[in-house]
Amino acid sequence: MSKELKGPGLVGFQLFGEPLITEHMAKGGMSAVVVDMQHGISSERTAFDCVQRLEKFPHCFPIIRVSDNNPGLIQRALDAGALGIIAPMINTPEQAQALVKSCRYPPLGERSWGPSRALAVSDPKEANKAVKVIAMIETRQAIDNLDAIMDVEGLDGAFIGPNDLSISLGEPQENTPTAKNVVDAINKTRDACKARGKIGMLFCGDKHRAQEALEEGWSFAAPHCDVGWFMNMVQDVMDIPILKK
């Protein structure tokens, strides 16, 4: 297993359940693709197909965002070939510890052996080193517990969900938040990752914010998602003067 997740870089965030999109993200130079099984529009089989398409792109790291911090969901995603797991709504160090245990084979965790698609990785120790475990930080409770969460052994990093974080902090949801309390929480998470040498991922509203995020020291930035790109493209195509008469 030779793939590594090294920043700085851009992450393709995929909601459409179409493996061809995954391939184009990788061809375009994305350092990783996150196939979203929380809010994405795909079946489990399709999501796994998307991840497996990345096997032919050595530079592109396959990640699945599961719908819940559930050992069964997490381990099926890893068995299918994902090398990274993002779990939503990690609010306490105990939840972070449970996430890590689901992703690691004993003695580091409780992952069960049966890596169907990933059978090429025959060494559990190698798999334990290769898999990246990332917690979504997206609530007031998570920010309050941030240091304890980030200190969990085996947790590789954090991913900021700006919309849920904004809502939790009493602000309007935004892909690129501007409210000071939300910005402060985002910066606190970035600094916590940097201080521990862990991965920091940020979902951004556009490529300009992604550029800023990388300059600020985030390991990875997701410049919106495929659905957002498509919506913006449709709006641009429909911006034809003759249709406005």
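1. In this predicted model, the sulfur of Cys225 lies 12 Å from the closest cysteine sulfur, that of Cys204, which is too far for a bond, because a disulfide requires the two sulfur atoms to be within 2.5 Å. Cys225 is also buried, with a relative accessibility of 8%.

2. By that distance rule, the count of disulfides comes to 0. Cys193 is likewise in no disulfide, the nearest cysteine sulfur being that of Cys204 at 14 Å. With a relative accessible area of 1%, Cys193 counts as buried.

3. Turning to the fold, 8 strands close into a barrel with parallel pairing, and their order is β1-β2-β3-β4-β5-β6-β7-β8. From one strand to the next, the twist averages 25 degrees.

4. One of the pairings can be followed at residue level: strand β2, which spans residues 32-36, and strand β3, which spans residues 61-65, pair in the parallel sense over 5 bridges. Within this pairing, Val35 has Ile64 of β3 as its bridge partner.

5. As for the helices, α1 (residues 19-27) lies across β1 (9-14) and β2, and the helix runs at about 170 degrees to β1. Helix α4 (residues 93-103) lies across β4 (84-87) and β5 (132-137), and its direction is at about 155 degrees to that of β5.

How values were computed. Residues are numbered from 1 along each chain as its sequence is written. This is a predicted model: local features need pLDDT of at least 70, side-chain atom pairs count only at pLDDT 80 or more; totals for chains, interfaces and linings use all residues. Side-chain values use heavy atoms; hydrogens and water are left out. Buried means under 20% relative accessible area, exposed over 50%, partly exposed in between (1.4 Å probe, protein chains only). Two strands pair if DSSP finds at least two bridges between them. Helices (H or I, at least four residues) and strands (E, at least two) are DSSP runs, numbered from the N terminus. Axes are lines fitted to C-alpha atoms, for helices over the stretch in contact, and angles run from 0 to 180 degrees between N-to-C directions. Contact means heavy atoms within 4.5 Å.
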